[in-house]
Amino acid sequence: MLHITLPLPSLLACLSWLIIHHDALLSAARLLGGDFSARRAARIIDAASRQTTVSRLFLADLDWLHGLLTLRHVGDPDRIETAFYAAVAPTDPAVEEICLLAEALREHIDAIRAEAQACRSKRSA
């Protein structure tokens, strides 16, 4: 009998979303963290296109991207992002788009984690 493991639907949905929002995510990453963050975001999105399973590294990368979009390190003087955050005016039209990207990414991360946990529970039962 042939056994094929298909990617989780939530993972596929996230991958599709990352590809669709590629340019917006890279622009947001550059605005909030400079070229280094934009390159890291590009690597995450590129690696995502090759994901067939949910790995801890992939989820950690998505968490990093979400943290960048949500200004997780805004007050940390040791983080370069702090200077980039300070340069963004709250009235900048990009702020609203970044908030929407962060919210959608959080929903995808939560869905992947919930679905992966359900699969693990199902296997161990």
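Colleague: Is D63 buried or exposed?

Modeller: Buried means under 20% relative accessible area, exposed over 50% and partly exposed in between, with a 1.4 Å probe and protein chains only. D63 has a relative accessible area of 18%, so D63 is buried. The model is predicted: local features need pLDDT of at least 70, side-chain atom pairs count only at pLDDT 80 or more, and totals for chains, interfaces and linings use all residues. Residues are numbered from 1 along each chain as its sequence is written, and side-chain values use heavy atoms, without hydrogens and water.

Colleague: Which residues is D63 in contact with, leaving aside neighbours within four places in sequence?

Modeller: Contact means heavy atoms within 4.5 Å. On that basis D63 touches R72, R106, I109 and R113.

Colleague: Where does D63 lie?

Modeller: In helix 3, residues 56-69; helices are DSSP runs of H or I with at least four residues, numbered from the N terminus.

Colleague: How do I describe two packed helices?

Modeller: By the angle between their axes and the distance between the axes. Here the axes of helix 1 (residues 9-20) and helix 2 (residues 22-48) come within 10 Å and cross at roughly 135°. Axes are lines fitted to C-alpha atoms over the stretch in contact, and angles run from 0 to 180 degrees between N-to-C directions. Helix 1 and helix 2 are therefore oblique, as angles under 35 degrees count as roughly parallel, over 145 as roughly antiparallel, 65 to 115 as roughly perpendicular and the rest as oblique.

Note on methods. Helix = DSSP H or I, 4+ residues; strand = E, 2+ residues; numbered from the N terminus.
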